Amino acid sequence: MITLILKNFLRSNSVKIGVLFLLLSGIISLFVGKQFMAKQKQSVAETAQYQQKHIADNVKNHKDEMGLLLYYLKFSLVNNTLPINALSIGQRDVNPSIQSVTIRGLEAQKYDADLNNPYNLLLGNIDFSFVLIFLFPLIIIAFTYNIISEEKESGTWKIVVIQSRSPFSFIFQLFSVRFLVVLLVLFVTLFMGCIFLAIPLDSAFLTYLLVSILYILFWFGVCFWVASLHKSSNFNAVILLSIWIFLIIILPASINNFLVNKYPTPEALETTLKQRKGYHEKWDTDKQATVDKFFAHYPQFKKFKMPEGDFNWLWYYAMQQMGDDESAKQSKELREKLDKRNELSANIAQFIPTLHLQIQLNEIAKSGLTNQLLFLDEVTYFHEKNRLYFYPKIFSEAPVSSEKWEKFKVQTFTEESSLNYTKIFFPLMVFIGIFIGLGYMNFRIKKS
Amino acid sequence: MNSEILIAKLFIKTAFKNKAVFILTLFIGLLLIYAAFSGWTNFKYQNDMKVKYQEQSRKDWLSNPDKHPHRMAHYGNFAFRSKAPLSVFDFGMESFFGNSIYLEAHKQNTTNFSEAGFSTGMLRFGEISIAMILQVLLPLLIFFLGFSSIASERENGTLKILLSQGLSWKQLILGKSYGLIGVVMTIFIPVMITISLIWITIQGENITVEETLRLLLIIISYFVYLSIFCVIAVLISAISKTSKTALTSLIGLWLMLTIVLPRATQALGKAIYSTPSKVKFESDIDADVVKVGDSHNPDDPYYKSLKDSLLATYKVDSVKKLPFNYGGFQMKEGEKISANIYQKHQKELWNIYYKQNSFSKILAFVNPYMAIKNLSMALSSTDFSSYTEFQEQAEAYRYHVSQEMNELQMKYISNNAKSSAGKSNIIDKKHWEDMHDFQYKPSGIGKVFSNELISILAFLFWIGLLFFLIRLLSKNLKAI
């Protein structure tokens, strides 16, 4: 029986077109991912090359003054892009994956944006997460919206009811065949992706695969439930498309508007203004007071005495430090605000499978806001480490030649946080259970 | 003419009897209210913030005591991007634009703090604005309303009766289209009244002819856009054997036009024209600047010959004897060189972006959705060119301030000054006030016409095409 259903299903032209459409867009998405990865790799390579040249050039130009040299020197930190990132680019195209900072005030450099064409960002990437979240459901809907209604409309449903021992198991088989075909498309695409994009078969990839299967199952659940209402094909098509639009366009967009208005980020502008004032006004205030504040922050440098004269580097870096210190409160508030935004959006997303999937795929691929915030934390840490390394050398006026400058290579940050599997899988399983349960009940009621 | 009106009236009457239509319309209405509300909240908040921080920045600038002018050039200014009145209607690319630039001497900073940079993955699903509802959701509603307009008459057999009673195909198609447009107007007109009211409230008494023209053009172009979809729905319904095929074809078409094609073409543009990485962009500029002259290198030939020619002109043997501050002069020269080189590279980069976007622009001839999207963003000043304009003006202001400070240094600072500290090396703070604050001046509507000529032509093309199709089909369509 099931082979017959499969044959019958695959014979239809629209099914062939649907499968082809999915495969094609899947392949395109893999190319988009590949291109994105290539660009990331190139950026990192160019940064590494640039940093080497940049340091060598400046060491040559400022060989007498450590303080002046460090005024210019930029050190880069790379946010590691995992191969699986190609399957869910997430926020990685908006936010820079490389941040280059001098040891001067951090707050003036931390949020430096990447170069971007806003139109590209507006229309978004066709990465695999897009194909999965947006396009798979459409094909699932196209494959299933008229499963029963079509038979009814053509008059063959009665024959099915009479001939088969259990119409429900017949319906179940119709759905299973379609599910298997869509699943096969998913497997084929991801398998190709694995090879093409050199994605390791690790737990992250398996989680990606599993959550994708659950998502597909969720949409089959929805279609199953709608089929169980025993309405006309046209009604099913309209209602399923409406659900799709609601889950893909209307709800996420409305929630986004809500979040932006609920958690605006004036702290960002506040921070930059504060840090400018904090640093620059020190040029006109008492030097000793500034340096004392600096020593209060870093008591370990108290042993350095401030040299006489109009200008000295201890005072200069103390001023720079004050820019950060005086905007620390605003900066912290900004960080907390973004955490809240991130948390609330993940929490709301649990109730909206499409959003949930996007956010979780980004978590798996380390390309979401969580990753961006952790990277910014790491930039802060990296900057502080450089500062603490160079401060004593500057204050003691160590000769530039005493340093092995070749060792300052580009550093890489790899997010290590582990995934919360319950949070990833559970919400989808609940929804699948609800829709299949409701559908099953409807079919039972109809039967009796 | 009369029979077309009759058909249109009948269509409207039956449409309103349909409960599903009523629910959908109500739902879209509610959504529009939410979009207007959240758009307005965001607009007000963002612009209030912008004013607040621009004032704060100005206050900080003015609070500086007597100082060396170069210190002030480094103190710098901020340019905060403000929203145009019609951005309430169409958010366009705004969420992806940075909101502030720090403007200081020698250095072109990035435009930071875009909404997208602080967004979770959610933004990728889009934003709810009135424009988005009109562009994306209303066409689908039109398709839902119109798919059966003629196909069901064919299925019921009433089509044959209508045509045998002397009604022409053209009258039927036009009549049904008018009817559909009529139904859509029950949403469209209130929306346009609402947006006009919000628009008036936002601007208060400062309504300009320019802005009024923008609003009028938005109303007209959306009317044309929605009408195009009404006619498409009726035409597809006319050529479909059953209403089911009409519905599925229209849904497929809608998905193609609004979801798949826009992303696909932009991806194509992006794949063909690759952009440099940030580090490449910046290091190329550095390299070009050093090629002209390296101001950090004391033996640099460019600056050495510049110095020599100065000494020769003023007939002195040392820069200390020049009638102006030599450091200021040198920095002025350096700023000019680096700013020019930066601008050249920036233009090149924008040119690549422009080429990337050209696919989406040309697509308007295949896809009316792209025509309205581009035109609407341009009219609402939330398009790509509004962004580059903001950056250009901010850079022009940065350059102006830096050079002004260099001039002050040349004029007032002694050549014997060893540093930027000390009484003799500072100038009066009254000069800070002479420096006006950054003020963004949006470009005129003329620019919209030149930038969006393709979109406007695409609309004309679509109108022509649909009239042609109506004529063509009127002759060839069969009743069965």
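**Entry 1: the interface**

I looked up polar contacts across the interface of chain A and chain B, and the rule gives 35 residue pairs, both at pLDDT 80 or more. A polar contact here is a pair of N or O atoms within 3.5 Å; within protein, one must be able to donate a hydrogen and the other to accept it, and residues adjacent in sequence count only if both atoms are side-chain atoms. The model is predicted: local features need pLDDT of at least 70, side-chain atom pairs count only at pLDDT 80 or more, and totals for chains, interfaces and linings use all residues. Residues are numbered from 1 along each chain as its sequence is written, chains are lettered from A in the order in which they are written, and side-chain values use heavy atoms, without hydrogens and water.

I then checked salt bridges (a side-chain nitrogen of Lys or Arg within 4 Å of a carboxyl oxygen of Asp or Glu). There are five between chain A and chain B. One side-chain pair I found is A:Asp284 with B:Lys67, at 3.0 Å, N to O.

Next came contacts (heavy atoms within 4.5 Å). I noted 88 residues of chain A touching 99 of chain B.

I turned to S1 of chain A, residues 75-79. Strands are DSSP runs (E, at least two residues), numbered from the N terminus. Five of the five residues in S1(A) are buried, that is, under 20% relative accessible area (1.4 Å probe, protein chains only).

I looked for pairing, which needs at least two DSSP bridges between two strands. S1(A) pairs antiparallel with S2(A), residues 98-101, over four bridges. A:Ser76 stands opposite A:Ser100 there. S1(A) runs parallel to S3(A), residues 411-413, with three bridges. In that pairing, A:Leu77 faces A:Gln411.

Conventions:
Buried means under 20% relative accessible area, exposed over 50%, partly exposed in between (1.4 Å probe, protein chains only).
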